[in-house]
Amino acid sequence: MQKSLIERHFKLAEHGTNAKTEIIAGITTFLTMAYIIFVNPSILSESGMDYGAVFVATCLASAVGCLIMGLWANYPIALAPGMGLNAFFTYGVVMGMGYSWEAALGAVFLSGFTFFLLSVFRIREWIINSIPMSLRLGIAAGIGLFLAMIALQNSGIVVANEATYVALGDLSEPAALYALLGFFVITALAHLRVTGAVMIGILGITALSMLLGHNEFGGIVSMPPSIAPTLMQLDLAGALDVAMLSVVFAFLFVDLFDTSGTLIGVAHRGGLLDKDGKLPRIGRAMMADSGASMAGAALGTSTTTSYIESTAGIISGGRTGLTAVVVGVLFLISLFFSPLAGSIPAFATAGALLYVAVLMAGSLAHADWNDATEAAPVLIAALAMPLTFSIAEGIALGFVSYAAIKALSGRFRDLNPAVVVLALVFSAKLLFLD
Ligand SMILES: Nc1ncnc2[nH]cnc12
């Protein structure tokens with residue numbers, strides 16, 4: 001009886017999937033993104049926020065987003081507070097511009113609300129649907145490269161260098177070795193079509209590192225810390241200050257294009273697009289995103305967004321919202337299993353992220369490399385994401401180069417009004433706001 005209810009709500013058979021596959025997919029996605037439960041509080045607490053409260057807010061905001069996305073939009077896409085957005089919150093808005101973290105939370109709320117309004121009035125759909133195919137391909141590949149960059153940094157394979165910006169890290173370090181081993185194992189298992197390859201890789205590396213003494217078993221269960229220090233602490237009046245307008249706009253801009261890029265990339269990979277290359281329930285997906293961002297700001301975390309790591313579950317066969325619901329439930333359970341969840345080290349998820357990057361970079365094969373006016377913007381969009389550490393900047397640079405190259409080549413028929421408007425807005429932003 002209950003099974004048929006699940007079957008009917010998520011339309012499992014229609015999507016060529018079943019409950020077992022969806023649950024494995026949900027666990028897989030959760031394992032690839034569980035690092036955020038610990039990384040987010042450590043970044044946001046540098047702005048003065050309470051670590052334990054942000055830990056709880058992170059789990060709850062993620063759960064809210066995943067449950068709305070799963071139950072209402074029926075997509076296998078999970079949400080959590082976004083990397084990049086959290087760094088902008090702490091290092092840009094609070095430490096850089098000197099705003100209080102309460103006002104910064106207010107700005108996160110307002111940008112989420114504006115995002116919601118853009119969704120209601122379908123302006124956002126117009127923006128997303130007018131993205132040319134080559135930019136979509138470049139965006140999907142760029143997100144893959146951005147993900148690879150996060151993984152390579154987290155595991156110390158790529159390190160900062162004053163002269164060259166980046167350099168190879170010490171590959172004899174355990175973290176780098178575990179990340180590479182995980183990547184090799186996951187790639188081989190996936191090639192051999194082993195179900196849950198990504199999950200097996202993450203858990204295997206976690207177990208091995210514990211056995212060899214490179215990772216501590218931190219216990220299993222504990223009660224969640226108090227959320228009181230950040231709950232409803234957002235300062236809306238402070239965020240409404242005229243000076244904060246550019247901050248609200250920056251959060252909105254990054255979230256809108258981060259989310260658009262992620263949804264396109266993930267949906268492309270999961271075959272979730274319709275025959276016109278559009279995401280059928282994109283409005284609902286966007287509202288899950290903006291709703292979770294508003295809830296997250298009230299709970300005490302920076303912008304919550306759709307996660308590229310969802311691709312890991314999609315590769316494992318996840319096709320419906322049941323996958324996202326499983327992720328949401330696991331985030332709720334994490335509240336009580338913080339020591340266990342904390343035992344999965346970043347180097348164990350790095351291999352999985354690298355594997356997802358390989359798959360996402362595959363969209364480069366579909367670009368038209370014989371037409372330089374199409375190929376150049378693909379490269380710019382893809383390359384800019386890891387190098388600027390931002391999905392949104394990559395999209396902005398991709399649009400500007402697409403419009404400029406097409407116009408200078410006299411290929412005006414390839415330009416539509418939305419592309420021209422967006423290219424002008426992005427140019428103004430890149431020149432005057434950054
Ligand atoms: N900002 C972001 N956007 C999409 N996926 C992410 N995964 C981690 N951070 C992300």
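This note comments on the ligand site and on one strand pair of a predicted model.

1. In this predicted model, local features need pLDDT of at least 70 and side-chain atom pairs count only at pLDDT 80 or more, while totals for chains, interfaces and linings use all residues. Residues are numbered from 1 along each chain as its sequence is written, and side-chain values use heavy atoms, without hydrogens and water.

2. Around the ligand stand Y35, G82, M83, D258, T262, T305, S306, Y307, I308, E309 and I391, where a residue is near a molecule if one of its heavy atoms lies within 4 Å of it. By class, this shell has five nonpolar, four polar and two charged residues.

3. A polar side-chain atom of D258 is 2.7 Å from a ligand nitrogen. For E309, a polar side-chain atom is 2.9 Å from a ligand nitrogen, and a polar backbone atom of M83 also lies 2.9 Å from one. The protein covers 100% of the 260 Å² of accessible area that the ligand has on its own (Shrake-Rupley method, 1.4 Å probe).

4. The elements giving two or more residues to the ligand shell are α12 (245–270) and β4 (304–306); helices are DSSP runs of H or I with at least four residues, and strands are E runs with at least two.

5. Elsewhere, β2 (residues 158–161) and β3 (residues 165–168) pair in the antiparallel sense over four bridges; pairing requires at least two DSSP bridges. The two strands form a hairpin with three residues between them, and N161 stands opposite Y165 in β3.

Technical notes: Polar contact = N/O pair within 3.5 Å; in protein donor to acceptor, adjacent residues only side chain to side chain. Nonpolar A, V, L, I, M, F, W, Y, C, P; charged D, E, K, R; others polar.
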